[in-house]
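Dear colleague,

I am passing on the structure below, and the notes after it set out what was found there. Please read them with the model open beside you.

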Amino acid sequence: MSRSAPEVTVEEVSAPHSRLGVTRRSILLGLLLVCAEVAVITFSEPVVRSSQMNISHFPVGFFMWFVAVVLFLNPLLKRVGVRYGLSSSELFAIVAVGLMGAHVPNSGLVGFFLGMLAAPYYFASPENRWAELLHPNIPPWLAPTDERGALQAFFEGAPDGYAIPWHVWAVPLFWWLCLIGAMAFALLCIAVMLRKQWVQNERLVYPLISPVSELSAGAESPQLLPQVAYNRLFWIGFGLGFGILAWNIGAYFLPSWPRIYYHGRWWDFLYGFPRMTSRINMYIIGFGYFANVDVLFSLLFFYLLYWTQTGVFNRMGYNLGPGTGTAAAWESTGGLFALVGWGMWTARGHLREVVRKALDPACPVDDSGEMFSYRTALFGFLLGTAFSVSWLYAAGVDPGVALLVLAVTYVTYVGLAKVVSESGLLYLSWTVGPQALVTGALGSVAMAPGSILTSMAFTVGLCAHWKGIFMSGFAQGAKLAGLAGGNRRRVAIGMGLALAVGILLCLYLSLGWGYEYGAYNFGGTPFRAGRYSFQQAAAQILNPEGVASRRLVFFGIGVGVMSVLTFIRYRLSWWPVHPIGFAIAGNGRATKSAFSVFIAWTLKFLTLRVGGVTLYWRFRPLFVGLLSGYSLGVGLGFAVDAVWFHGQGHWIHLY
């Protein structure tokens, strides 16, 4: 199954590696990768119209750079001298830092965020009455105005010689970046406080990190390539992932070129029932192989259950009203809250120790393995939350509502991070966001004379990408910092710098290309999505509603069902249905991932049934190779589009 690794001398094997632990160069290299991936991703989808490279929770726009480091840069460094090669600890640190930057551009934070800031003034018209309903509720520091056509030039493209009006953007961007920084730091503190509970006590699988571990194993050895690359199965998987994408590039130039079609099609099986797709996503399949087989099965089981429920409700003509999400979405959201509630209850002993250590540094609880101390984490969380509440209050949100919005946001994002860490599902979102849930619980009629609704519409831009303001990345980073060992707190600094560098660079590039090409012409929806939030806010101001009792009933059903499923799972070890699927499968992106999840489950189930754990481990290199080849194939597709098909690229990486 494997080919022989290069012969090495005893002296080489016994020579200690001089770069163990988290080094400065690993942080620096991670930051360089952040700059590279931000530039490529910011250019790919909006300008070149190529693939969406960062819509997942482990973006292919970063993974391809990491594979390039492992397969090309590190062997080059080792050719200069073994002592110059990157160690596995350094590679883990590079991933922790680089992963943060991948969540910033376009379909990450900045695309939705910039589009949301510019929407209320650019899309205002006499017909929608935003000037009357929304503009009086917007403080001058909260959003840029269309002074001298500044926003029109951003969305439609500026004439030659037009200078970017930085003075229009400077003040709103400064204050919004303050809020983003405070919320992100509070969530990082939560990730630090929960790391030990998730990693050591609950032993979450972290499927998204497993391929990284495989590619990093044996990095300290004198062998040029990683250990997994000396297995033939790795190159078979690599050839499959890279070969299909590379082969299809021929059709870009020759229309008669035979293509390998893997995007599938949509199927309508029954009238009124949601469509199903046969789309094959090799990226989902590759990571899915490393997930728990029970989790994969539960995703499919509950997807079919929700599919049936939605179809029956549609045939009956039952719905919850426009723009509110389906009953399945509210049930899934309730399930997510129950998941977090149960997790906090089981973690109560650990959290008690965290508080004890934070209040009494002499407490024997050991926090030396964290990215920073529990004292910093607890008080950082409280300070970040206090600043965020004060910020929202200054923007027009009542303190009580602001605190409730933040609490719901934290619960949603902690649940998201835990689901990603346990299931490895790449494409994950919730239709019912924190703003919709709070509005449904309180009723839009209670939202003052529109000021709260207007301000909350802006905050949708912080979560529309569903990366949880980097919460899933923080959870993966905390795990990676533990694997890296050494100075873990240097990883936290690197992650913070990655966000700062990535956001600033992305804002500069996005604004520059917006004024050059017109942000409204960018591919995808991020820069144009803002108008929908403000349309809904204006509609709620015109026609305020009370408490959304029907939606909350389904939310409560979700809480109840999830509680029962969790109880059964803990009491009956043979129970095959993992409750986590209930909290995921009712949301939109599950539909597009279901067929690929089914393939991943089938492959892993058959592997375990035929050969057990031994066969499962033997085939891991195949899927690491599949992911590696696929990611580099996406990168090759972008390069071809950028050179020969600028503005008319090809979306070869879809979810």
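**Salt bridges**

Asp-294 and Arg-569 are joined by a salt bridge in which the closest N and O atoms are 3.5 Å apart, a salt bridge being a side-chain nitrogen of Lys or Arg within 4 Å of a carboxyl oxygen of Asp or Glu. Since Asp-294 belongs to helix H12 and Arg-569 to helix H22 (residues 549-571), the pair ties together parts that are 275 residues apart in sequence; helices here are DSSP runs (H or I, at least four residues) numbered from the N terminus. Asp-294 is partly exposed, with a relative accessible area of 26%, and Arg-569 is also partly exposed, at 22%, where buried means under 20% relative accessible area, exposed over 50%, and partly exposed in between (1.4 Å probe, protein chains only).

Before going further, please note that this is a predicted model, in which local features need pLDDT of at least 70 and side-chain atom pairs count only at pLDDT 80 or more, while totals for chains, interfaces and linings use all residues. Residues are numbered from 1 along each chain as its sequence is written, and side-chain values use heavy atoms, with hydrogens and water left out.

By the salt-bridge rule the count comes to 7. One of them pairs Lys-418 with Glu-202, with the closest N and O atoms 2.8 Å apart, and this pair links distant parts of the chain, Lys-418 being in helix H16 (residues 399-423) and Glu-202 in the loop between H8 and H9, 216 residues apart. Lys-418 counts as buried at 9% relative accessibility, whereas Glu-202 is partly exposed at 23%. Another joins the side chains of Glu-545 and Arg-551 (3.7 Å, N to O); here Glu-545 is partly exposed, with a relative accessible area of 44%, and Arg-551 is buried, at 16%.

**Helix packing and buried parts**

Helix H12 (residues 293-316) packs against helix H13 (residues 327-346) at an angle of about 140 degrees, with their axes 9 Å apart, the axes being lines fitted to C-alpha atoms over the stretch in contact and the angles running from 0 to 180 degrees between N-to-C directions. H12 is therefore oblique to H13, because angles under 35 degrees count as roughly parallel, over 145 as roughly antiparallel, 65 to 115 as roughly perpendicular and the rest as oblique. Tyr-306, Gln-309, Thr-310 and Phe-313 in H12 meet Ala-327, Ala-328, Glu-331 and Ser-332 in H13, with contact taken as heavy atoms within 4.5 Å.

In the loop between helix H11 (282-288) and H12 lies Tyr-289, which is buried, with a relative accessible area of 1%. Beyond its neighbours within four places in sequence, Tyr-289 is in contact with several residues, among them Ala-600, Lys-604, Tyr-616 and Phe-623. Tyr-289 and Gly-424 are 135 residues apart in sequence, yet their C-alpha atoms are 9.4 Å apart in space.

Helix H18 (residues 451-459) is mostly covered, with 9 of its 9 residues buried.

With best regards

How values were computed
Helix = DSSP H or I, 4+ residues; strand = E, 2+ residues; numbered from the N terminus.
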